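Here is a short briefing to read alongside the structure.

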Amino acid sequence: KEETARTSTTPCVGWSGTPYGNREFRAGTPGLDYFERSQFHHYEGNFESNCGIPPWTNNRFLCDLYGLVDLDTENVLVQ
């Protein structure tokens, strides 16, 4: 599938070759650097999306900054 401005290839590949994407980091070690969608901030009942910043009026503690997903540090599995 060809990438365009509105599409992206998933999974992405990190600088060390680790695959990630779609709010998941499943190539790591559980309890260390393995995270599922439910462990990121997200809309209630929808693990696949979240509010974004900008606009700057959104909650800076819960929303994704410029599309970067944010771990839910209040979640015991993330701590």
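A polar contact is a pair of N or O atoms within 3.5 Å; within protein, one of them must be able to donate a hydrogen and the other to accept it. With that in mind, look at Asn50 and Asp64, whose side chains are joined by a polar contact of 3.0 Å. Please remember that this is a predicted model.

**The overall layout**

- The protein chain has four strands and zero helices.
- Read from the N terminus, the order of its elements is β-β-β-β.
- The protein chain has 79 residues, and 20% of them count as buried.
- Take the contacts in the protein chain between residues at least 6 apart in sequence: 25% of these join residues at least 24 apart.

- You will find Asn50 in the loop between strand E2 (19-20) and strand E3 (52-53).
- Is Asn50 buried or exposed? Asn50 counts as buried because its relative accessible area is 15%, and the cut-off for buried is under 20%.
- Besides the contact with Asp64, a polar atom of the Asn50 side chain lies 3.5 Å from the backbone oxygen of His41.
- Setting aside neighbours within four places in sequence, Asn50 is in contact with Arg23, His41, His42, Tyr43, Leu62, Cys63 and Asp64.

**The disulfide**

- How many disulfides does a search of the whole structure find? The search finds one.
- The disulfide is formed by Cys51 and Cys63, with their sulfur atoms 1.9 Å apart.
- This pair links distant parts of the chain, 12 residues apart: Cys51 is in the loop between E2 and E3, while Cys63 is in the loop between E3 and strand E4 (64-65).
- The link of Cys51 and Cys63 is left-handed, with -95° about the S-S bond.
- Cys51 is buried, at a relative accessible area of 15%, and Cys63 is buried too, at 5%.
- Another cysteine, Cys12, counts as partly exposed, with 25% relative accessibility.

**Arginines in the loop between E2 and E3**

- Arg37 has its place in the loop between E2 and E3, and Arg26 lies in that loop as well.
- The side chain of Arg37 makes a polar contact of 3.4 Å with the side chain of Glu48.
- The side chain of Arg26 makes a polar contact of 3.0 Å with the side chain of Glu24.
- Not counting residues up to four places away in sequence, Arg37 touches Asn22, Arg23, Glu24, His42, Phe47 and Glu48.
- Arg26 and Arg37 are 11 residues apart in sequence, and their C-alpha atoms are 9.7 Å apart in space.
- Arg26 counts as partly exposed, at 46% relative accessibility.

**Asp72 in the segment after E4**

- Asp72 is found in the segment after E4, and it counts as buried at 16% relative accessibility.
- How many residues separate Asp72 and Phe40 in sequence? They are 32 residues apart in sequence, yet 4.8 Å apart in space from C-alpha to C-alpha.
- Asp72 touches Gln39, Phe40, His41 and Val78, not counting residues up to four places away in sequence.

**Backbone details to look for**

- Most residues other than glycine have a negative phi, and most peptide bonds are trans.
- Asn22 is not a glycine, but it has a positive phi of about 55°; Asn22 is in the loop between E2 and E3 and is partly exposed, with a relative accessible area of 40%.
- Tyr66, also not a glycine, has a positive phi of about 50°; Tyr66 sits in the segment after E4 and counts as exposed at 59% relative accessibility.
- A cis peptide bond joins Ile53 and Pro54, with omega about 0°.
- The peptide bond from Pro54 to Pro55 is cis, with omega near 10°.
- Pro54 is in the loop between E3 and E4, and Pro55 is in that loop too.

**The largest pocket**

- The largest pocket holds about 340 Å³ of space.
- Its lining has 17 residues, and Asn22, Arg23, Gly67, Leu68 and Val69 lie nearest the centre of the pocket.
- By class, six lining residues are nonpolar, seven are polar and four are charged.

Notes:
Residues are numbered from 1 along each chain as its sequence is written. This is a predicted model: local features need pLDDT of at least 70, side-chain atom pairs count only at pLDDT 80 or more; totals for chains, interfaces and linings use all residues. Side-chain values use heavy atoms; hydrogens and water are left out. Helices (H or I, at least four residues) and strands (E, at least two) are DSSP runs, numbered from the N terminus. Buried means under 20% relative accessible area, exposed over 50%, partly exposed in between (1.4 Å probe, protein chains only). Contact means heavy atoms within 4.5 Å. On a 1 Å grid over the protein atoms alone, a cavity is a set of points where a 1.4 Å probe fits but cannot get out, and a pocket is an open set with protein on both sides within 12 Å along at least five of seven lines; lining residues have an atom within 4 Å of a point. Grid points are joined across faces, edges and corners, and a volume is the space filled by probe spheres set on the points. Ala, Val, Leu, Ile, Met, Phe, Trp, Tyr, Cys and Pro count as nonpolar, Asp, Glu, Lys and Arg as charged, and the others, Gly among them, as polar. A disulfide is a pair of cysteine sulfur atoms within 2.5 Å.
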